[in-house]
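Please consult both while reading the points below.

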Amino acid sequence: MAPGRGLRRIAERLFTGLKHDRLLLEYDDYRSGDFPPLRFVPRHVTVVLGLVTTKRPDLESEDELRRRIDAAAKYVPLERLALSTQCGFASTFEGNEITPDAQRAKLELIVRTAQKVWGHT
């Protein structure tokens, strides 16, 4: 797929035939594309947005995460969205160069952001 195109070419065919209750989708870099393909996700499916990268230690902005969640909510209602990392912290055989402290900071960011967006404590 070309950078930035993400799921656009296959979204309708892929999403409309699903028999799953939850999708974990990686949206942590420009290759992931944008959110309009989510309009094809069936009404019973929860979409977990993998907005936080596990590939690099730099911490994402909470404001940027909230903006991206709002952008996704134009296609899937907020109550059917969730926030996560894009993958596990060792997404390659060798692992990623990210310290336990950086991992903890990313997970804490997800919790803080989720509490503000969805109001759960």
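The protein contains three helices and three strands, arranged along the sequence in the pattern α-β-β-α-β-α. The model is a predicted one. Of the 121 residues, 40% count as buried. Among contacts in the protein with a separation of 6 or more, 70% are accounted for by residues 24 or more positions apart.

**Packing of helices α2 and α3**

- Two packed helices are described by the angle between their axes and the distance between the axes.
- Helix α2 covers residues 62–72 and helix α3 covers residues 100–118; their axes come within 10 Å and cross at roughly 50°.
- The two helices, α2 and α3, are therefore oblique to each other.
- The crossing in which α2 passes α3 is right-handed.
- On the α2 side the contact is made by E62, L65, R66 and I69, and on the α3 side by L109, R112, T113, K116, V117 and W118.

**E62, a charged residue in the helix contact**

- E62 is found in helix α2 and is one of the residues through which α2 meets α3.
- Is E62 buried or exposed? E62 has a relative accessible area of 16%; because buried means under 20%, E62 counts as buried.
- The side chains of E62 and K116 are joined by a polar contact of 2.9 Å.
- Neighbours within four places in sequence left aside, E62 is in contact with L109, R112, T113 and K116, residues that α3 contributes to the contact with α2.

**F35, in the loop between β1 and β2**

- F35 is placed in the loop that runs between β1 (22–26) and β2 (46–52).
- The relative accessibility of F35 is 5%, and F35 therefore counts as buried.
- The contacts of F35, leaving aside neighbours within four places in sequence, are with Y27, L49, L51, R68, A71, A72 and Y75.
- F35 and I69 are 34 residues apart in sequence, and their C-alpha atoms are 9.6 Å apart in space.

**L81, in strand β3**

- L81 lies in strand β3, which comprises residues 81–85.
- With a relative accessible area of 6%, L81 is buried.
- Which residues does L81 contact, leaving aside its neighbours within four places in sequence? The residues are V47, L49, I69, A72, A73, V76 and W118.
- Two of these, I69 and W118, also take part in the contact between α2 and α3: I69 belongs to α2 and W118 to α3.
- L81 and I69 are twelve residues apart in sequence, with a C-alpha to C-alpha distance of 7.9 Å.
- L49 and A72 are among the contacts of L81, and L49 and A72 are also among the contacts of F35.

**T16, in helix α1**

- T16 has its place in helix α1, residues 11–16.
- The side chain of T16 reaches the backbone oxygen of E12 at 2.5 Å.
- Not counting residues up to four places away in sequence, T16 touches A11 and F40.
- T16 and R39 are 23 residues apart along the chain, and 9.9 Å separates their C-alpha atoms.

Conventions: Residues numbered from 1 in each chain as written. Predicted model: local features only at pLDDT ≥ 70, side-chain atom pairs only at ≥ 80, totals over all residues. Heavy atoms only, no water. Axes fitted to C-alpha atoms, helices over the stretch in contact; angles between N-to-C directions. Helix = DSSP H or I, 4+ residues; strand = E, 2+ residues; numbered from the N terminus. Parallel < 35°, antiparallel > 145°, perpendicular 65-115°, else oblique. Left-handed = near helix turned anticlockwise from the far one by under 90°. Contact = heavy atoms within 4.5 Å. Polar contact = N/O pair within 3.5 Å; in protein donor to acceptor, adjacent residues only side chain to side chain. Buried < 20%, exposed > 50% of the residue type's maximum accessible area, 1.4 Å probe, protein only.
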